[in-house]
Amino acid sequence: MSRFTHQACTSFLAGKHATIDGSTIIARNEDNFVAIWPKHAVVHPADEPRDLTFISKNNHFTTTLPEQAVHYTAMPDTNPDEGHYEESGINANNVAMSATESAYTNSLVLGVDPLVADGIAEDAMLTVVLPYIDSARAGIQRLGQLVTTAGAAETNGVLFSDVDEVWYMEIVSGHHWVAQRIPDDAYAVVANQLAIEDVDFDDADNFMTSANIQHFVQAHRLNPDGNRFNSRHIFGTHTADDAHYNTPRVWYGHKLFTPSAFEEPTSMELPFIRHAEQKISVPQVEAFLGSHYQETPFDPLGNGTEQERHQFRAVGLSRTQNSHILQLRRDVVPVLAGVIWQALGNPAFSPYLPVYAAGNQIDATFAAENLGYDGQNPYWAAKLLNVLSEDHYRQNRKLRDNFLTTMQAWGIQRLTSGDAISAPNDMRLGIVNAKAAQAFNAAIQEQIGKLVQASAELSSLSFTMDDNL
């Protein structure tokens, strides 16, 4: 297949006091420019053989890796010919990383610090960072050092978390970056724009930046505000594409979690940090990642006018390949803390499988090569489920919605059962993962069968039979 870049994602982050159970959450839909781009799940053991000289197949970015690595999970492209694109995972130190949220820098900034063709890019980030860090802050420091020394090939946002802190980092030019800690009682939604607003350089607890970024901005007269350092204003874009492709997704996330907020979907000043009106749960994050402006005129599957239904880009898409919620829990022993809620395909229709990050496997079916169609493979089964779920959308709505609700409850039940196992370790948790994955796969196949039967009954090539015929 021809190479298509991963540049159309939606991200969500929540601090430990904003969630219903005190866990930290980072989540993202990994979208592509095409509907089919197979992914598979990989568990990298700490003792996995590694070449210490890393060279990207995408753009030949090169770096020397540390000798010691830790166990981590990843969701790479099945075809690694032009880069791994490992995208999302949790390591043995209970640090989560999701990379990247593609964004854009304005031409004024790129004119003085252009992107670097062979700098670090999305395809390499997780691979060269996650196995070597022990905290979210350490992740920002390591990635930031790589950006500063080797340069960045893309403008990107990167999500990091550990059991205590949640951070969002933005690479804003060829060699500069900013990062902000999400307040413990707050959440953030990001959609293909530079999002961080005012940076407080005196608050090291909540902000990190590249060295000399203030001098860089001042020397090149890049600050349109003068008396404040609003990173979004300095480095970001304000285009018609932003208003129709990006900001509406942020608006809808705020509408779901902060319903009383009065905002416009095309506003260029939607706040980066928001406070939810109720504690946030994993099922609510799943619902947001699968959302498409339900109960508004802008729902592509709704009842708005033709113009309204195609006015804004939805969150859950047919081209979503990997949707993940990386949860780090504080009320369990460390080996149980990291949970990956993993969906393949469009989370508007695909359920999430709970996976213990510390397990030594997920399941052979999730790790299998899957470049060609195989209806029993989880990736392809999810894509088939998506097509069938969207077909006859209104008529099959109850069947579809009941399935997602049932699978949410099932996932929580599997996690509750797994938490109760005695003396949990990587092998036992790997077995728990595999059994859950097998049951999950069976549930997907059963739902596919129900949708095939329901859709067959709704075929236009049908006829009311007469007893005499």
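How many of the eight residues of helix α2 (residues 122-129) are buried?

1. **What you are looking at.** This is a predicted model, in which local features need pLDDT of at least 70, side-chain atom pairs count only at pLDDT 80 or more, and totals for chains, interfaces and linings use all residues. Residues are numbered from 1 along each chain as its sequence is written, and side-chain values use heavy atoms, with hydrogens and water left out.

2. **Helix α2.** Eight of the eight residues of α2 are buried, so the helix is largely enclosed by the rest of the structure. Buried means under 20% relative accessible area, exposed means over 50%, and partly exposed lies in between (1.4 Å probe, protein chains only). The buried residues are Glu122, Asp123, Ala124, Met125, Leu126, Thr127, Val128 and Val129. As for the labels, helices (H or I, at least four residues) and strands (E, at least two) are DSSP runs, numbered from the N terminus.

3. **Strand β10.** Now look at residues 166-171, which make up strand β10. Six of its six residues are buried, so this strand is also largely enclosed by the rest of the structure. In a regular strand the side chains alternate between the two faces of the sheet. In β10, Val166, Tyr168 and Glu170 point one way, while Trp167, Met169 and Ile171 point the other way.

4. **The neighbours of β10.** Two strands pair if DSSP finds at least two bridges between them. Strand β9 (residues 156-161) pairs with β10 in the antiparallel sense over six bridges, and Gly157 stands opposite Glu170. The two strands form a hairpin with four residues between them. Strand β11 (residues 177-181) also pairs with β10 in the antiparallel sense, over five bridges. Here Ile171 stands opposite Trp177, and a hairpin of five residues joins β10 to β11.

5. **Backbone points to check.** Most residues other than glycine have a negative phi, and most peptide bonds are trans. Thr100 lies in strand β8 (residues 96-102).

6. **Two positive phi values.** Tyr85 has phi near 50° and sits in the loop between β6 (72-74) and β7 (88-90). Tyr85 is buried, with a relative accessible area of 3%. Asn94 has a positive phi of about 55°, and its place is in the loop between β7 and β8. Asn94 is buried too, with a relative accessible area of 13%.

7. Rolling a probe the size of a water molecule over the atoms shows where empty space is left. On a 1 Å grid over the protein atoms alone, a cavity is a set of points where a 1.4 Å probe fits but cannot get out; a pocket is an open set with protein on both sides within 12 Å along at least five of seven lines; lining residues have an atom within 4 Å of a point. Grid points are joined across faces, edges and corners, and a volume is the space filled by probe spheres set on the points. Of the 17 residues that line the largest cavity, Gln193, Leu194, Arg232, Thr247 and Leu270 are the closest to its centre.

8. **The largest pocket.** This pocket holds about 510 Å³ of space. It is lined by 25 residues, with Ala287, Gln294, Ala348, Asp401 and Leu404 nearest its centre. The elements giving two or more residues to the lining are α6, α7 (282-289) and α12 (397-419), and the largest share, eight residues, comes from α12.

9. **The second largest pocket, and back to α2.** About 440 Å³ of space lies in the second largest pocket. Its lining has 24 residues, of which His44, Tyr72, His84, Glu86 and Thr127 lie nearest the centre. Here α2 returns: the elements that give two or more residues to this lining are β3 (42-44), β4 (53-55) and α2.
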